[in-house]
Amino acid sequence: MEQQVRFGSIVMLSTLFVTLLVPIHVTSEDSLFYHTSINIGDDESGKNTVEIDSDEHVYTSIGDTLYKFDSQGEILHERTFSSEILATSLSPDYARLALTLRSNTNVDSVFILSTTDLNTLVSSEATAMNANLLAWSSNGASVFTNGPDEGLIQLNRETLEIDRTYSGNHTTNLVCFDVSNNAGNILTIDEDGLILLWDTSSEQVMLEFQLLTTIHDCQIDSEGEHFSVSTSENGIRKWTFDGQELKSIDINHAVAFGESNLANTIILQVTSPSPAIIVYDVINELNLQEIAMFHQFDDHALIYNEAGFIETIYTNSNAQHVVVYSSHIDRVGVGESGTDTDGDGIPDSLDNDDDGDGIEDNWDLNCQDIGISCELLPDEAFIRSIDLNVNATHLSMKQSFTLNKKNSADIRDLSRLSMDNDVRLIEAEGQLFADSVCANMDVMDANLLLSSMLLVGNASLAFQEMYCSVENGMVLTPANDQVSHIRYSITTVYSLSSSQNLDELVIEVENHRFPASGSITELSEQHPIAISITGESITTQRYVPWHIQEESISFALEVMQDDTNEISPKRLLNSPIFIGLLFASFIGVGIVVQQIYNRYTASEYDISVDEDDEDDDDDEDEQEWYEDVPEVEEDTSYSEPVGKTSTTPQRSATRQSRPRPKRVQVEKQEQSEAKKLLNDASKEVVRKRRARRTEDNPVRSKRRKLSDSQSNDVSTRKRRVVKKNADNDENMDETLKRFVNDSPEE
């Protein structure tokens, strides 16, 4: 009995455990990621629409051309119209496709086509140039679109004649409308925020009010009990049919929304902070599923799986591509027998990339001739790499992957127009793609698998964060580049349970594929692998190539020895003494260069002579007098060396200011013989006086300065006139004066 109770308890716990895990498991398997792009062409321009039928045939319009694709992207039918296609809509039974054209009057502007071959079933000129809204009634009997003026018109699907018009007080174009499932009510909203709820049976307005906010989309619920509108700043607001407002949904910038296949959920298309499709649970107020996009789009079509979750998304884009997001990839040839060089499960006979380096075999031609074909010799720069960085407390594992040329070129084209309308790829657009890679993964599932592949000594790993980045192939890549590979990385950071001694620490990594749930890595080859381990204080180790046949790789860490006595070039360069000497050398070189520059670039030199005032301590009572004399050129053939100063001590007495001499222009003329004799005699007198003074007074030398440039304000040099001794020289001076005055002019 006790065993039965114990067994029953175990069964109940197991059932509860499985029940709790089922929703997580379903959500994990249904995570979507970028799969492929259907490139329609670069020569088309205009509005882009997308529809999908039950057979997964895609109908898309670009400009004036309508295309029908199969699920593999092959064009089945194509048709061109006279003007730009504004809107498309599939009938509920997928048998008919309605479309509107941008056209003037007297030209058919609305068509209903057969989805089989795109032939016209009926056409009409009932619409106008603004007919960018189009929808079928739930029973497929009517088509609704913008009227030729304001408001909404209802067309008969067989004749496209106008059955009814819903204008009311609308004075501007409609931004959205919706028809209830039973066709009993119609909701119309114009650009001014005027909301009208119509009763189709009486064609009267049941409710009318205005919102002073930007409205993107509107919807009547499937039960016909309330309606909702999405706004830019006030979330999704809801009202009952009698005008009572209900609790709003706190999600802004939902440009489109509608009910999904899951109960109590809605599908949202948001543009901010980044483009995404969200499955939102309105009861529990949480996201059940979110698919991040790295490009702009304004129309989409969905395919659901049996559980009601989104399985595939088709979106339009600004780059003339139809973009496909999927939860899985069907790899052709998986599981078939044959030689498999890279271990991806596809035999080389069917594999487009035998060596797993992301370079297709038809492009894999450039390699060294070592007796192995290029398609079997992987390029180590492109294969998947695992880079471990470890220290005493943390370990990070960075895994890098390469996309093939087609996927790389398509992703670049989509990303170029994700934030602006130019064709330059900026860093923010590249990071938007990287963020979408991480956002679409189930991070916890990925962490559980990756951490189980790592064994770090006796430590356990605690997950901290996961982030993605683009290594190369996007930013600064030319717009016409169709061959460069995009290489992206996913980094997982773990903290170690206890501080580890890195010396001889053993780290073991098991061979594995990256988790497939919501991961774009399914587009990248994953074998062989290049693995390395690095750290600030450990020796770098690398192992390549690591094939799938080798189950695990072990690294024994080697700690680098830090010898403080060893003189290394790095330590020498970081030495303060070396830096100081280098700085002093720079200053010395600068001074020398400046001196050489000053010496060889000077065009002329000035000589300024400073004379020391002569003071006579013995004759303090004798008056000193000065007189102005004309400047006389001195012989400057001799000058004292630059930098030498007189050794004669300077006197501390205050010098008397001397008057500025007057400049007198002297005309050159021939001197008479008498004047020559007078000059010679005067010089003789001066010479004798100087000789006599030398005997009584110490010798005072004149100090001269050499300047490199001519001064603009050159002061007149003042010459000191030798004092005359009345007793000894008066008679001689008078005699000379008389002699000169009495001498005749020659």
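In helix H4 (residues 443-452), the residues Ala-446, Asn-447, Leu-450 and Ser-451 are buried. Buried means under 20% relative accessible area, with a 1.4 Å probe and protein chains only. Helices (H or I, at least four residues) and strands (E, at least two) are DSSP runs numbered from the N terminus. The four residues lie on the same side of H4 because they cover an arc of only 120 degrees around the axis, the arc being that of the directions from the helix axis to the C-beta atoms. The cover over the buried residues of H4 includes strand E30 (394-402), E31, strand E32 (461-472) and strand E33 (487-496).

This is a predicted model, in which local features need pLDDT of at least 70 and side-chain atom pairs count only at pLDDT 80 or more, while totals for chains, interfaces and linings use all residues. Residues are numbered from 1 along each chain as its sequence is written, and side-chain values use heavy atoms, with hydrogens and water left out.

E31 also belongs to an open sheet of 3 strands, in the order E31-E34-E37, with antiparallel pairing. Strand E31 (454-456) and strand E37 (552-556) are the edge strands, each pairing on one side only. On average, neighbouring strands of this sheet are turned by 10 degrees against each other, direction ignored; the axes are lines fitted to C-alpha atoms. Strand E34 (residues 506-510) pairs with E37 in the antiparallel sense over 5 bridges; two strands count as paired if DSSP finds at least two bridges between them. In this pairing, Ile-507 stands opposite Phe-555 in E37.

Ile-507 is also among the residues with the most contacts inside the largest nonpolar core, which has 64 residues. A nonpolar core is a set of buried Ala, Val, Leu, Ile, Met, Phe, Trp, Tyr and Cys residues joined through side-chain atoms within 4.5 Å. Helix H3 (residues 427-439) gives the most to this core, with 5 residues. Another core, of 14 residues, lies apart from it and includes Cys-176, Leu-207, Cys-218 and Trp-239.

Tyr-325 is another of the residues with the most contacts inside the largest core. Not counting residues up to four places away in sequence, Tyr-325 touches residues including Tyr-34, Ile-291, Phe-294 and Ile-313; contact means heavy atoms within 4.5 Å.

For the protein as a whole, there are 8 helices and 39 strands. Buried residues make up 41% of the 746 residues.

Notes. Buried means under 20% relative accessible area, exposed over 50%, partly exposed in between (1.4 Å probe, protein chains only). Axes are lines fitted to C-alpha atoms, for helices over the stretch in contact, and angles run from 0 to 180 degrees between N-to-C directions.
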